[in-house]
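Open the structure in a viewer with residue selection turned on. The stops below can be taken in order.

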Amino acid sequence: MAESKRTQTGEGRRERKRRQTRERIEQAAVSLFLRRGFEATTIEDITEAADVSKRSFFDYFPSKEEVVFAWQDSFADRLTAEVAARPASESSVAAVEAAIAATVIASVDERGLALAELIHDTPALKARDQLKYARLEQKLAEALLLRKGSAPERSRMRVLAAVVIGALRVGSELWQQRPPGASPQNFAHEILAELWNILAEFGDEAKARL
């Protein structure tokens with residue numbers, strides 16, 4: 001079969017092998033991080049577990065940190081895809097709430113929760129963790145604008161993305177104080193419901209001052 005032969009999904013053999021190698025490195029690294037701790041795991045440990053060379057590791061990830069944050073990038077990609085899939089007739093607020101709930105359900109499994117705990121408990125990762133919100137905000141704003149398809153909506157969609165991602169930032173901190181057995185998706189709904197209530201209260205206060 002020719003090297004350029006492509007699968008039904010449009011993925012060629014070379015692309016598939018690269019994806020599989022990247023996934024193998026990521027899975028090996030995360031398993032080691034969760035078992036040994038981030039600082040105690042070396043790149044050599046990861047390459048041995050993934051059965052790749054050190055050079056191959058750096059072909060895919062410039063550092064150990066980037067392996068961890070690849071999981072966060074997948075969250076952003078899922079979120080924007082969910083926004084794009086919402087009905088055109090749906091309001092932007094409703095679309096965002098439904099997209100976030102669906103993304104949380106799809107992304108937050110036992111391993112994802114453990115990884116979030118690892119990030120929270122590792123100073124080197126926790127400092128970098130804050131950068132994800134800027135990327136999430138930008139991607140969400142772009143997805144909302146594409147859905148609206150109107151340049152005049154740019155400012156409104158940027159504000160909506162900013163307040164929603166701000167709520168997620170606070171929510172991630174409050175999640176660390178959650179009661180045992182709390183549902184991630186219910187927690188996400190509660191955070192957003194509280195956000196809309198606060199915005200409504202601020203709107204009423206602003207109207208009262210006019």
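This is a predicted model: local features need pLDDT of at least 70, side-chain atom pairs count only at pLDDT 80 or more; totals for chains, interfaces and linings use all residues.

Residues are numbered from 1 along each chain as its sequence is written, and side-chain values use heavy atoms, with hydrogens and water left out.

Select Val 96, Ile 100, Leu 136, Leu 140, Leu 144 and Val 164: of the 28 residues in the largest nonpolar core, these touch the most other members. A nonpolar core is a set of buried Ala, Val, Leu, Ile, Met, Phe, Trp, Tyr and Cys residues joined through side-chain atoms within 4.5 Å; buried means under 20% relative accessible area, exposed over 50%, and partly exposed in between (1.4 Å probe, protein chains only).

Next, colour α4 (64–85), α5 (92–107), α8 (131–148), α9 (154–175) and α10 (184–209), each of which supplies at least two residues of this core. Helices are DSSP runs (H or I, at least four residues), numbered from the N terminus. The most comes from α9, with eight residues. Apart from this core lies another, of 22 residues, including Phe 38 and Leu 125.

Centre on Leu 144. Leaving aside neighbours within four places in sequence, Leu 144 is in contact (heavy atoms within 4.5 Å) with Val 83, Ser 92, Val 96, Met 157, Leu 160 and Ala 161.

Finish at Val 163 in helix α9. Val 163 is partly exposed, at 28% relative accessible area.
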